[in-house]
Amino acid sequence: MEAWELEEYKGYVGRIITQFKEINPESSPMIVNFREADTTNKLHQLLSEHYLTIMDYPRDYEGCPLVPIEIIHHFLKSSESWLTLGQQNVLLMHSELGCWPVLAFLLAALLLDRKHFTSESRALEMVLKQAPYGKLPLLTPYDPTASQLRYLQYVSKRNADEQHWPPPDKALKIDCVIIRMIPDFDGKGENELVKIDINCNIQGDILLECINLNDDLVKETIMYRAMFNTAFIKSNTLILSREEVDISWDKKHQFPREFKAEVLFFTLFLVTGHIIF
């Protein structure tokens, strides 16, 4: 949670690895490390003398503490392969500064995939409880639970049809977003319904953000955000309630119970190099 001096942290991590090997002398650990892209890989420096296998994963996707479906797939496949090679194989998960939320998400995904849990919310809740109480809001400005649960629901579908997971990318066109009961962000009251035309081609993992622009047309406030993958969109509609969007920790009380965002899509087809819809 806090920045450490490199030598101090090297001693801390070294003691953990040494103690682990003393307690489990026959084990073969692989470390899954979450870190910010384009930064020095401190863990490789710290553990070079221990000759351990280290797999690196990103801390977020477009600022959201999630990773794309393909990275989730890689993580689940590599973890499963490692753990099924033998009982002596152990997975250790390590978070560099600020990366705890995405570690928690992928650990919950692994527990779901290995059927330790059947409930997405219970799996995520159990993992998040391992962190000191109240630390999550210090690491991310928006409560990511809604988007993380949506992606954990995607992971749950893997148990039903592992051979065809993840499904192939689906090209869509966002037609519009209809927002019902807009929260009062500027002191001018709630609008019951607003339709925003988008007309944007999308495919794969998408982070949708709704921004409130102040009267000065300069200052912006993100009202809510939601991450989704187009392959899992059914009936060309994504309906998001208040509990299904990521909201700033201090703005949740401004969202009425009746809030709803409806994202409407067209399906796009690729024919001889041209996109039609």
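Colleague: Which residue in strand 9 is the bridge partner of leucine 172?

Modeller: Bear in mind that this is a predicted model: local features need pLDDT of at least 70, side-chain atom pairs count only at pLDDT 80 or more, and totals for chains, interfaces and linings use all residues. Residues are numbered from 1 along each chain as its sequence is written, and side-chain values use heavy atoms, without hydrogens or water. Strand 4 (residues 171-180) runs antiparallel to strand 9 (residues 260-267), with eight bridges between them. Cysteine 176 sits opposite leucine 264 of strand 9, while the bridge partner of leucine 172 there is threonine 267.

Colleague: OK, and what order do the strands take in that open sheet of four?

Modeller: Helices (H or I, at least four residues) and strands (E, at least two) are DSSP runs, numbered from the N terminus, and two strands pair if DSSP finds at least two bridges between them. Strand 8 (residues 237-241) meets strand 9 antiparallel over five bridges, with isoleucine 239 bridged to glutamate 262. The pairing in this open sheet is antiparallel, and the order is 5-4-9-8.

Colleague: Is the pairing parallel or antiparallel in the three-stranded open sheet?

Modeller: The order there is 2-1-3. Strand 2 (53-58) and strand 3 (89-95) are the edge strands, since each has a single partner. Strand 1 (residues 28-35) is joined to strand 3 by seven bridges, with valine 90 as the bridge partner of proline 29.

Colleague: What angle does the direction of helix 4 make with that of strand 3?

Modeller: Axes are lines fitted to C-alpha atoms, for helices over the stretch in contact (heavy atoms within 4.5 Å), and angles run from 0 to 180 degrees between N-to-C directions. Helix 3 (residues 69-84) lies across strands 1, 2 and 3, at about 145° to strand 3. Helix 4 (residues 100-113) also touches strand 1, strand 2 and strand 3, and its direction makes with that of strand 3 an angle of about 150°.

Colleague: Is serine 79 buried or exposed?

Modeller: Serine 79 belongs to helix 3. Beyond its neighbours within four places in sequence, it contacts Leu91 and Leu110. Buried means under 20% relative accessible area, exposed over 50%, and partly exposed in between (1.4 Å probe, protein chains only). Serine 79 has 1% relative accessibility, so it counts as buried.

Colleague: How does tryptophan 4 count in terms of accessibility?

Modeller: Tryptophan 4 is in the segment before helix 1 (6-23). Its relative accessibility is 41%, so tryptophan 4 counts as partly exposed.

Colleague: Zooming out, what share of the residues of the chain counts as buried?

Modeller: The chain has seven helices and 11 strands, and its C-alpha trace spans about 65 × 45 × 35 Å along the principal axes. For contacts with a separation of 6 or more, 67% link residues 24 or more positions apart. Of the 277 residues, the buried share is 43%.
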